Every structure is written in C-alpha cells, then in structure tokens.
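I opened this entry to look up charged side-chain pairs. My notes follow the structure.

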Amino acid sequence: GATHWTMGALAALICALHSVPPGQQKCVAFRRTAGCNPNGPRESQGDLHCTSVVPQRMSGYCECENGRKAAPVTCRHQPMRCDLECRKLPFPPYEDRVDEDMEWVRGSKWNWNRWRNVELRHGGEFWAPNCDPEQDSECKWAAFGGKVYVNWGRDGLHELTPTRDQKALEGFRQDGDPCRATFVEKLEEEPDLYDVLGVEPDATDAQIKSAYRKLSLKYHPDKNPEDAEAAKRFQEVAAAYEVLKDADKRMLYDTGGMEAVAEMAKEEAGGGRQAMDPFSMFFGGGQQEQDRGRGGGNRGPDVRMNFEVSLEDMYKGGSVSAKIKRRIVCRGCRRADTAERKARCAKCGRCPNEVRTVHRQMGPGMIVQQQEEVPSKEKCTQEETTLDAVIERGMDTGHEIVFERMSEQTPKQIPGNVILTIKSPRHKRFRREGKDLHADVRITLKQALLGFELDLEHLDGRAVTVRSPPGKITKPGDVIKLRGEGMPVHNFPSEFGDLFVTCHVDFPAEVTQAQTQALQEHFV
C-alpha cells in the first residue's frame with residue numbers, strides 16, 4: 001500500500017539531513033531484501049538510489065564503498081537515506097602500511113584547505129606546522145584500499161580519496177569536517193648511499209674506498225668546470241663516503257638511515273674538532289659542528305659470554321668458532337616498495353620500541369625535555385652469527401676477545417660489542433699455572449731406585465722425555481723440571497715457561513721371601 005509518514009518521522013529525517021556530518025563513506029545503493037529480513041534473499045528490482053528515502057515496509061541494507069554495509073532494516077523502521085547512513089560509518093582501523101598502487105603518494109607536499117602546506121614524508125611521517133613527527137609520534141600517514149589516511153596528532157584521523165588525475169585529495173576528518181588537499185610538489189628523497197657509490201650494501205671497506213676514488217675523480221670540479229650537475233654529484237659522493245668509511249656511522253646508517261647519522265652528529269657537537277653533518281650536505285648547507293667525541297648514549301650495551309678453549313688450542317694457537325643468535329635490523333624494510341625488497345623483508349618483524357627525546361611545554365615559558373617510548377618503523381629479525389675467535393699462543397683463562405658492534409642491533413643505535421671471556425676446562429694430563437705447566441707421572445719402586453726414562457705426550461702431540469739418571473733415587477713427590485717445556489708466553493711466542501713433573505712411586509703391596517732376603521743383603 002501507499003507509504004504514510006508521520007510528522008515525527010519527517011521531522012527526524014529533516015533533522016538527520018542537517019545533523020549528520022558530510023560523507024565519510026560513499027554510498028553505492030540501497031539493497032532491497034525479501035521477507036522483511038535484511039539478511040533475506042535479494043530483490044534487486046527494488047534497489048534505491050542513495051539519496052532516495054527508504055520507505056517503510058521495505059527491508060534491506062545500505063551498501064557503502066569497499067563493500068561495507070550500513071543500517072540493516074526490517075519492514076518497520078524510521079525514514080532514512082543511505083547516503084546519510086554510510087556517512088555514519090567509522091573509518092576503518094588505521095594500519096601503518098602503504099599499498100603498492102599508492103606508492104606515488106610517498107614523499108609529496110600538499111596544500112591543505114588553501115591554508116597551509118603539509119608533507120607526506122618518505123618514511124611515513126606526516127608533517128604540518130602544528131603536527132611535528134619529531135615531537136608527536138602520532139603524526140603519520142598511510143595509504144591502503146585506494147585511500148590516504150592522515151593521523152593529524154590531536155586533530156585525529158582524516159580519510160582522503162585521490163582524484164582521478166591524482167592532483168588532489170578529498171575527504172573528511174573523523175568528526176565529518178570536510179577537507180581537501182592539492183598537490184604542490186614531490187619532496188626530495190633521501191639518497192641511498194650505497195647507490196650513490198654504486199656498491200652493494202654488503203660491500204667491503206676496500207670496495208667502498210675504490211668506488212669513491214673513481215667517482216670523485218670522475219666528478220671532480222677541476223675536470224668539470226662550470227658543470228653544476230657534476231658539482232652536485234661530487235658533493236653527494238663525498239658525503240656518502242664520509243658516512244660509509246666510518247664503521248660506526250655506517251652501522252647507524254644501516255639501522256636508522258641518515259636521520260640516525262645526523263642525530264649522532266648533533267650529539268657530538270662541542271669539543272675540539274669540527275664535525276660535519278652529512279645529512280645537510282645532501283640538502284644544502286654543510287653545517288659545521290664541534291665534535292666532542294663518540295658519546296656512549298648512542299651505543300648499545302656490550303654482551304659478555306664465557307667461551308671454553310682447550311689447553312691444546314691455547315698452546316698451539318688457531319681459530320675457534322662460536323655461534324650466537326642476535327637481533328639484526330633488516331635494512332631498507334621500512335619502505336618495501338619493490339618485489340625484491342618485499343621478498344627479502346618477508347622474514348622480518350617489527351623491531352622493539354624506540355626511545356626518543358622530545359620537548360614539551362609544561363607551562364608558560366617552561367619547556368622540559370622528556371623521553372618517550374614509540375613504536376619502531378624499522379623491521380628486525382633473529383640471525384645466527386658465527387664468530388671466528390683467533391686464539392693466540394699463550395692466551396690464558398680470563399683473556400677477553402672483543403668482537404666490535406656484534407651485539408644485538410637496535411634502530412638508530414651503534415650495537416655494543418660481544419666480549420668472549422676465555423675459560424679453560426680441566427685437562428686430563430696437565431695443570432697450568434701462568435706460563436708453567438704441571439703434570440704427574442707414576443713410576444715403580446724399581447724405577448725410583450734404579451732410574452727411569454718415560455715419554456710424556458705434550459699438548460702439540462710430540463713426545464717429551466722425562467728421565468732420572470741411574471744412581472739417583474727418586475723419592476715420592478720429587479719434581480723434575482723440564483726447562484722451556486711449559487706454555488708459550490702470550491705476545492712473546494718464542495719464550496716458554498717450564499714443565500714440572502711430579503713423580504708418584506707405586507710401592508708393591510707385598511714382597512716375596514726371596515725379595516726380602518735380597519733387600520736385607522744389599523741394603524743397610
């Protein structure tokens with residue numbers, strides 16, 4: 001029958017038209033269903049346009065963009081319009097990701113509401129005059145499902161849809177306030193230092209040095225007078241080498257990018273010599289800062305481990321391997337924008353939270369410095385690493401072997417060292433005391449009385465002769481000193497300690513009558 005609207009229902013609809021914030025989620029259509037059941041069979045011939053008022057006695061639901069549903073109704077419901085109902089849907093949960101088809105948004109500047117410029121930075125940070133990612137970790141952006149999501153700190157989440165020509169972003173704030181951004185320009189991307197020098201990330205120091213020499217000669221201003229592009233390349237090559245030639249800076253770059261290197265340069269400010277800020281060399285400037293030396297605040301803790309080394313290895317020297325498991329930062333996985341990088345980063349998970357220092361206003365004219373823990377944007381994984389320890393001749397228990405920067409990695413931090421402390425297990429034949437060795441031999445009563453000559457297998461496998469000349473009585477506990485048969489002296493491998501052999505006499509349990517008579521005849 002005909003649909004009749006009460007005055008109250010019409011008033012509710014008019015109120016809705018004026019009170020609902022303008023569209024956050026676009027409407028597709030009202031989808032009619034049978035049996036007064038919103039989950040019943042579809043009756044497509046009864047579908048309505050988004051701006052049509054859905055009459056009573058009609059069941060169904062509003063289909064919104066991206067397949068989302070709103071306002072499922074039976075045949076008894078208040079007047080409604082699907083364009084308004086779709087607008088009431090909340091934004092989808094924010095995800096810190098950028099779909100491959102939305103990578104074009106990365107590193108771009110936009111004019112927001114004809115008011116001010118904002119930046120969607122390469123690393124996922126969102127910058128605006130009142131939203132600085134260095135001060136507020138919630139200033140960030142993402143792009144997925146064909147939309148751009150801007151988390152504007154205290155101003156909340158914004159959802160924007162690119163126009164067809166990708167020259168504008170149109171959408172709404174979470175409270176329904178409309179917004180529009182127009183494209184200004186692409187931001188200059190932070191260069192990959194390894195690409196600048198034309199080497200792989202696992203290049204050796206020698207390969208990096210060789211590449212730098214070739215490129216610096218190629219782009220040197222003396223060879224390219226009045227060539228602005230060559231001058232720029234020369235400066236970039238020099239800045240890249242300045243970072244990659246330094247083991248600490250290179251480690252920081254690998255685990256936190258140029259931002260981490262620049263942060264170290266700031267920490268080094270003050271002291272004796274001028275410190276270059278490599279970050280500024282790429283983006284104009286070349287700021288000079290005083291260097292007070294490498295501070296400990298940007299270095300991770302050392303890891304100490306006991307490491308068993310046999311007495312044989314301490315005597316002969318050599319190489320012994322130790323395996324450790326440690327966390328490493330997956331380089332380049334913050335922006336996995338290629339198939340190769342995605343495959344390499346698939347095994348990586350999120351790194352532990354990072355601690356950063358921010359400045360907060362606590363009152364009029366009062367700014368305090370605080371530390372806060374924020375989610376890391378880098379990716380990490382566990383790696384089994386083999387440490388090849390060189391055992392030098394004469395090393396002793398307690399000696400430390402240091403593997404620099406081989407401890408667990410944390411983004412934007414120089415890893416600590418792995419320190420292996422040598423421990424020697426108990427030896428079956430020898431006992432060590434400093435540079436000297438001690439051993440025990442057992443001899444018979446006959447050998448003790450008449451002299452003896454024994455071969456003792458040394459730590460390097462050769463036979464060492466222990467002897468007592470005929471006519472010399474060896475008493476229980478007597479010590480025979482073999483000069484120069486001890487341990488090699490560490491750092492002086494041509495010098496050796498001594499070997500002290502303690503003799504233990506095995507007396508017979510009993511003697512025969514004939515032996516007794518012989519002893520009585522020959523001994524007083």
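**Notebook: salt bridges**

I started with Lys-481, which counts as partly exposed at 40% relative accessibility (buried is under 20% relative accessible area, exposed over 50%, partly exposed in between, with a 1.4 Å probe and protein chains only). I noted that this is a predicted model, where local features need pLDDT of at least 70, side-chain atom pairs count only at pLDDT 80 or more, and totals for chains, interfaces and linings use all residues. Residues are numbered from 1 along each chain as its sequence is written, and side-chain values use heavy atoms, leaving out hydrogens and water.

Which residue does Lys-481 form a salt bridge with? I found Asp-498, with the closest N and O atoms 3.5 Å apart (a salt bridge is a side-chain nitrogen of Lys or Arg within 4 Å of a carboxyl oxygen of Asp or Glu). Lys-481 lies in strand E28 and Asp-498 in the loop between strands E30 and E31, so the pair ties together parts 17 residues apart in sequence (strands are DSSP runs of at least two residues, numbered from the N terminus). Asp-498 is buried, at 12%.

Next I looked up Arg-31. Its side chain meets that of Glu-63 in a salt bridge, 2.7 Å from N to O. Arg-31 sits in strand E1 and Glu-63 in strand E3, so this pair links parts 32 residues apart in sequence. Arg-31 is buried at 17%; Glu-63 is partly exposed at 23%.

I also checked Glu-383 and Arg-326, whose salt bridge spans 3.7 Å, N to O. Arg-326 is buried at 8%, and Glu-383 is partly exposed at 29%.

Last, I noted the total: the structure holds 29 salt bridges.

Terms used: Helix = DSSP H or I, 4+ residues; strand = E, 2+ residues; numbered from the N terminus.
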